[in-house]
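Subject: Structure for you to look at, with notes

Dear colleague,

My notes come after it.

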Amino acid sequence: MLLLLVLIFLAMAGHVLLWAEVVNRSHGFGLRRRWIKASLLLVAAIAVGIPLAYCVVLARNGWGAVLPDSWSELLRPASLYLVVCWAAVAVAAVRVVHERWLRRPPSALRHHRENLIDLAGGTDVAEHEHHFLVRMPGNESLQLDVAERALELARLPECLEGLTVMHLSDLHFTGRVGKAYFDQVVRLANETEPDLVVITGDLADVNECIDWIPDTLGRLRSRWGSYFVLGNHDLLIDTVRLRRTMVDSGLTDLGNRWLEVPVRETSVVLVGDELPWIKPGPDLGDAPPPAPRGPLRIVLTHTPDQLGWARRHEADLLVAGHLHGGQIRLPLLGALLSPSRASVKYAQAGVFHAPPTVMHVSRGVSGMYPIRLNCPPEIVRLVLHAPAHG
């Protein structure tokens, strides 16, 4: 009886994992909002319908109609699906073991420092105007990690040694997290005195919050400018007004274009890639050649799914967000939901190395829904180094 209960539990867990995988991968193809909603309804109906169908079969025919008694009976649809669910659990277990204990930090990551700051303490609640979910016990939505990650870029020119890039992503101005929180985010970003600021999409979810930009993102300071691209949520509002407000507030729009920026004694090519949601993508036909013949190439994009594009165009650094680190990370298992063609591969965020490109994925500053468990928001100061200086 105990074995039977264990098998049932594992089958249920595998069922959840399978359909979470379907949701994750389907959200990585830039579908229109109505198709996403339709696909979610369909997946929800199937995910609920399958367990109900099993309950009906069990009630009528008992366990013999579901559990296989021999190898030949594994081919029955009901038995075969159970095997697939058990296999999904096994695959997830292997992934967890690899990520937690076997996976080594990429060689491109020199160091990683965290500094968790509680932005909820010592501030009047009415001033923040937070949604009640923000105050839920265990919610880390206001526990900002002001992190620093040092990256080695193989083709970094010597004159750019130690260049600092402040990476922000997924601010999601919704009104559910009050404006005062984002004021503090900007203040902490400015205290790092970055050389460049890059913002990788999902700035606002409601039109009313576009007016927050001049007093928040408009106060960002850096030596060689602040640059942004848009994400999928930015298409749900007045996108033209959003871009105009960002530019009027002193930030540079890199949406699907490239720009050569003088930095120190050389220059850096910054590329904005808003695919797959905003087309066409950037045309680099007239851009300077990639390093080492040309300038360092940094690509801003919203989703880490564009890593392949960045590699094909020989980007040295790709910065992305979109996945929020999973936002809710379960003990041991980690993130379940991660809207990417790679599913949860990049959900842990951080640094990934696919030569010649080093990719940094941010957990983001906020989210459409203000719930974070085991996954605090972050802003990250990236410090660039050449391997010769290691």
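What follows is a description of what was found, going from the whole chain to single residues.

Please keep in mind throughout that this is a predicted model. The protein chain contains 7 helices and 16 strands. Its radius of gyration is 23 Å, close to the 21 Å that the globule rule gives for 390 residues, so the chain is as compact as a globular protein of that length. Along the principal axes, the C-alpha atoms fill a box of roughly 75 × 50 × 35 Å. Of the 390 residues, 50% are buried, and the protein chain exposes about 17900 Å², with carbon and sulfur atoms supplying 61% of that area. If you take the contacts between residues at least 6 apart in sequence, 76% of them join residues at least 24 apart. As for charge, there are 38 positive and 39 negative side chains, and the centres of these two sets lie 6 Å apart.

Helix α3, which covers residues 77–102, has 26 residues and reaches 36 Å from its first C-alpha to its last, close to the 38 Å expected at 1.5 Å a residue. Its buried residues are Ser-79, Leu-82, Cys-85, Ala-88, Val-89, Ala-92 and Val-96, and these pack against α1 (2–26) and α2 (33–61).

The C-alpha atom of Lys-179 is separated by 8.1 Å from that of Thr-216, although the two residues are 37 apart along the chain. After α5 comes Glu-193, whose phi is positive, near 50°.

Arg-176 is placed in the loop between β4 (164–168) and α5, and is partly exposed, with a relative accessible area of 28%. Leaving aside residues up to four places away in sequence, Arg-176 touches Glu-129, His-130, His-131, Val-134, Met-368, Tyr-369 and Pro-370.

Some details of the backbone also deserve a careful look. A cis peptide bond joins Leu-275 and Pro-276, with omega about 5°, and the bond from Ala-291 to Pro-292 is cis as well, with omega near 10°. Pro-276 is found in the loop between β9 (266–273) and β10 (296–301), and Pro-292 has its place in the loop between β9 and β10 too.

Asn-256, a residue other than glycine, has a positive phi near 50°; it sits in the loop between β7 (252–253) and β8 (258–263). Arg-264 likewise has a positive phi near 50°, and its place is in the loop between β8 and β9. Are these two buried or partly exposed? Asn-256, at 15% relative accessibility, counts as buried, while Arg-264, with a relative accessible area of 34%, is partly exposed.

Conventions:
Residues numbered from 1 in each chain as written. Predicted model: local features only at pLDDT ≥ 70, side-chain atom pairs only at ≥ 80, totals over all residues. Heavy atoms only, no water. Helix = DSSP H or I, 4+ residues; strand = E, 2+ residues; numbered from the N terminus. Rg over C-alpha atoms; globule rule 2.2 N^0.38 Å. Buried < 20%, exposed > 50% of the residue type's maximum accessible area, 1.4 Å probe, protein only. Contact = heavy atoms within 4.5 Å. Areas by Shrake-Rupley, 256 points an atom, 1.4 Å probe, with all protein chains shown as cover. Lys, Arg positive; Asp, Glu negative; His and termini not counted. Charge placed at Lys NZ, Arg CZ, Asp CG, Glu CD. Expected span 1.5 Å × (residues − 1).
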